[in-house]
Amino acid sequence: MTLPTRSDLALLGRWLRARVTIQLRTGRAVVFTFAFPLVLLVLFNGLNGNAKVDAVGAAGQVPFAQFYTPSIAIFSLTTACYTSVIIGIATARDSRLLKRVRGTPLPMSIYLGAWLGGAALTGILAVVLLFAVAVPVFGVHVYLSTLPAAVVTLVLGAACLSSVGLAVATLAKTADQATPIAQLTFLPVSFISGIWFPLEGAPDWLTTIAKAFPLEHIVHAFDRTFSPGVTGGAWSPHDLWSIGVWTAIGLFVATRRFSAEPGTPEQGPRRRVLRRAA
């Protein structure tokens, strides 16, 4: 295994900046990553401004905005790092962009690394923007004592969602299949992961299913850092460990299954093997 050289890192940095620029110029990414979470934040806080809810690790109930803002921030992060990666990679493969990149001197690892890194940075930027609005407008508190745990959780969560998104993108044989796959693997899980409502009091079987997926651990660990009265710097070692394991699983699956060749809806594993043999 060869270590990356200084020129490789410089090349990665240039492509990373390019990917972030492309993300910010894409209408779909701007709407669903930046605008839509802000609309949800304003709408739900307007409807539930005086409500109190149970927050993760808090001694008592907290204002609705204090609970909802970090949760909707993870929704924004997932849109940028998971959904956009699945749709973007599948579309690039269908349009033969990945195949053309493979025919250039640019290493595919740097190209995909910049793609995932750009998605992660875009998601983190969207989260920062969300809190920049929520703190002055809705009185959301950011605690300095738990800020390191919040930053680490956010970065690890972005890396996890991006790597899992790349792995799931390999399941879509065409770009037309990417959007349904992204939505069907995200929306149902989001409802049992604590994004839309607290999981306190939920049935044990439901929480057990939720903990099998990385999103619940990301939401739980990030929400905890904004709960008042949490001790120990609000670190969640178990959640962070699970996030790291899912990141490794996503990268492993993506490495084994990734292909730059466009697929067809009827193309199964056996058909691909026979085609390569031919």
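Which residues make the nonpolar surface patch of about 490 Å²? The views below answer this and look at two further sites.

This is a predicted model: local features need pLDDT of at least 70, side-chain atom pairs count only at pLDDT 80 or more, and totals for chains, interfaces and linings use all residues. Residues are numbered from 1 along each chain as its sequence is written, and side-chain values use heavy atoms, without hydrogens and water.

**View A. The nonpolar surface patch.** Val-135, Val-142, Leu-144, Leu-147, Val-151 and Val-155 make the patch. Patch residues have over 30% relative accessible area (Shrake-Rupley, 1.4 Å probe, only the protein chains shown as cover). They have no salt bridge, and nonpolar side chains (Val, Leu, Ile, Met, Phe, Trp, Tyr) are joined within 5 Å. Val-155 lies in H6. Val-155 is partly exposed at 43% relative accessible area (between 20% and 50%; buried is under 20%, exposed over 50%).

**View B. Arg-93 in helix H3.** Helix H3 spans residues 64-94 and holds Arg-93. Arg-93 is buried but has no salt bridge (Lys or Arg side-chain nitrogen within 4 Å of an Asp or Glu carboxyl oxygen). Asp-94, the nearest side chain of opposite charge, is 5.2 Å away (Lys and Arg positive, Asp and Glu negative; His and chain ends not counted). Beyond four places in sequence, Arg-93 touches residues including Leu-98, Lys-173 and Glu-261 (heavy atoms within 4.5 Å).

**View C. Helix H9 under cover.** H9 (residues 214-224) is largely enclosed by the rest of the structure, because 10 of its 11 residues are buried. Among them are His-217, Phe-222 and Arg-224. The cover includes H3, H6 and H10 (237-257).

Technical notes
Helix = DSSP H or I, 4+ residues; strand = E, 2+ residues; numbered from the N terminus. Buried < 20%, exposed > 50% of the residue type's maximum accessible area, 1.4 Å probe, protein only. Patch = residues over 30% accessible without salt bridge, like charges linked within 9 Å, V, L, I, M, F, W, Y side chains within 5 Å.
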